[in-house]
Amino acid sequence: MRRNSRARLSLSLLLVAGALGLGATPATAADVHSAAPATAAIPSASAYALDAAVERTLGADTAGTYLDSRTGKLVVTVTTDRAEEQARATGATVRRVARSAAQLHAAMKTLEAEAKITGTSWGIDPRTNQVAVEADSSVSARDMARLEAVAKRLGGAVSISRVPGVFDREVLGGGAIYGGGSRCSAAFNVTKGGARYFVTAGHCTNISANWSASSGGPVIGVREGTSFPTNDYGIVRYTDGSSPAGTVDLYNGSTQDITSAANAVVGQAIRKSGSTTKVTSGTVTAVNVTVNYSDGPVYGMVRTTACSAGGDSGGAHFAGTVALGIHSGSSGCSGTSGSAIHQPVVEALSAYGVSVY
């Protein structure tokens with residue numbers, strides 16, 4: 001009983017902090033490439049903390065959290081009377097849903113086992129309490145029928161939509177960081193024990209051990225780690241003696257300082273900075289996303305509506321001063337709506353024992 005009381009108290013404090021600290025805060029800067037919906041908000045620090053604590057504390061009694069598009073408040077989904085009572089006692093915004101996180105993860109396991117089709121991705125959307133599946137233009141009619149048959153057996157736990165283009169990790173020859181004849185983008189500068197590094201996409205660091213800031217230019221850094229597929233992150237240590245700032249290029253003559261890292265919340269506004277499409281904006285639409293690239297799947301990703309293109313791989317997904325993700329790929333962009341996928345940066349920072357600064 002003591003252990004449960006401590007968990008309940010911990011959650012209560014976080015819920016109160018989230019309720020007090022989160023408002024409909026607009027994105028801190030506009031960009032000329034695409035605009036996030038006016039209703040999209042950036043979570044407060046306490047809301048990020050609550051989002052991180054909910055799954056750990058409520059466990060199977062929640063199906064996740066999301067930002068309400070009308071109020072900008074963080075909504076906690078619950079599946080039991082105990083969890084609902086626990087959350088409502090603090091005055092938090094609570095929503096009762098039919099399917100637990102365990103049920104949604106079970107649906108994703110079924111998709112993994114029976115419908116692992118190149119050109120598809122799936123992840124949890126707490127707003128609909130479903131697994132949201134996207135199928136790109138490369139998915140054949142036969143494979144779509146197979147996917148739909150599996151979804152039908154899962155009894156409403158899965159929704160399916162078509163997206164234009166083809167899901168691909170986005171690398172091109174030629175730009176921001178160069179290695180092995182390809183161009184990628186750096187995400188965030190990080191540090192450990194006084195040494196400086198940058199993190200980028202693992203499918204980029206798989207290509208080359210040595211990286212330059214210009215095509216054919218001198219080596220500025222050497223790969224010290226890479227993980228792709230399954231994950232999509234890598235790390236490069238600066239070897240040119242430089243001490244670059246911990247900022248993100250906004251491609252308008254200014255930069256965004258990055259002071260912390262967190263996991264993205266469904267419904268929140270984000271920006272993406274990459275060497276091809278520069279700065280674009282969007283909204284987070286799903287978490288715990290599996291993407292079935294042609295050269296292997298990646299797991300635990302985040303899906304957004306930001307636009308991107310080849311060469312943006314490894315770029316930064318962020319909100320204000322908070323680092324959120326490392327750009328992995330997309331199915332392209334239609335107008336101002338994309339399907340950009342990012343690797344949560346918190347996982348990469350933990351894997352390499354580094355921190356943003």
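**Close-up 1. How the bonded cysteines pair up.** Number the bonded cysteines of the protein chain in sequence order and the pairing reads 1-2, 3-4. That makes two disulfides, a disulfide being a pair of cysteine sulfur atoms within 2.5 Å. Keep in mind that this is a predicted model: local features need pLDDT of at least 70, side-chain atom pairs count only at pLDDT 80 or more, and totals for chains, interfaces and linings use all residues. Residues are numbered from 1 along each chain as its sequence is written, and side-chain values use heavy atoms, with hydrogens and water left out.

**Close-up 2. The link between Cys-184 and Cys-204.** Here the S to S distance is 2.0 Å, and the link is left-handed, with -95° about the S-S bond. Cys-184 sits in strand 9 (residues 182-184) and Cys-204 in helix 6 (residues 202-205), so the bond ties together parts 20 residues apart in sequence. Helices (H or I, at least four residues) and strands (E, at least two) are DSSP runs, numbered from the N terminus. Cys-184 is buried at 0% relative accessibility, and Cys-204 is buried at 0% too. Buried means under 20% relative accessible area, exposed over 50%, and partly exposed in between (1.4 Å probe, protein chains only).

**Close-up 3. The link between Cys-307 and Cys-333.** This disulfide has an S to S distance of 1.8 Å. Cys-307 lies in the loop between strand 20 (296-304) and strand 21 (316-319) and Cys-333 in strand 23 (residues 333-334), so the pair ties together parts 26 residues apart in sequence. Buried or partly exposed: what is Cys-333? Cys-333 is partly exposed, at 36% relative accessible area, whereas Cys-307 is buried at 7%.

**Close-up 4. Helix 4 and its buried residues.** Look along residues 101-114 for this 14-residue helix. Its buried residues are Ala-101, Leu-104, Ala-107, Met-108, Thr-110 and Leu-111. An α-helix has 3.6 residues a turn, so residues three or four places apart point the same way. The buried residues of helix 4 pack against several elements, including helix 5 (141-153) and strand 19 (278-293); contact means heavy atoms within 4.5 Å.

**Close-up 5. Lining of the largest pocket.** A pocket is an open set of points on a 1 Å grid over the protein atoms alone, where a 1.4 Å probe fits, with protein on both sides within 12 Å along at least five of seven lines; lining residues have an atom within 4 Å of a point. This one is lined by 23 residues, and Asp-51, Glu-55, Asn-263, Val-287 and Asn-288 lie nearest its centre. Helix 2 gives the most to the lining, with four residues.

Definitions and conventions. Expected span 1.5 Å × (residues − 1).
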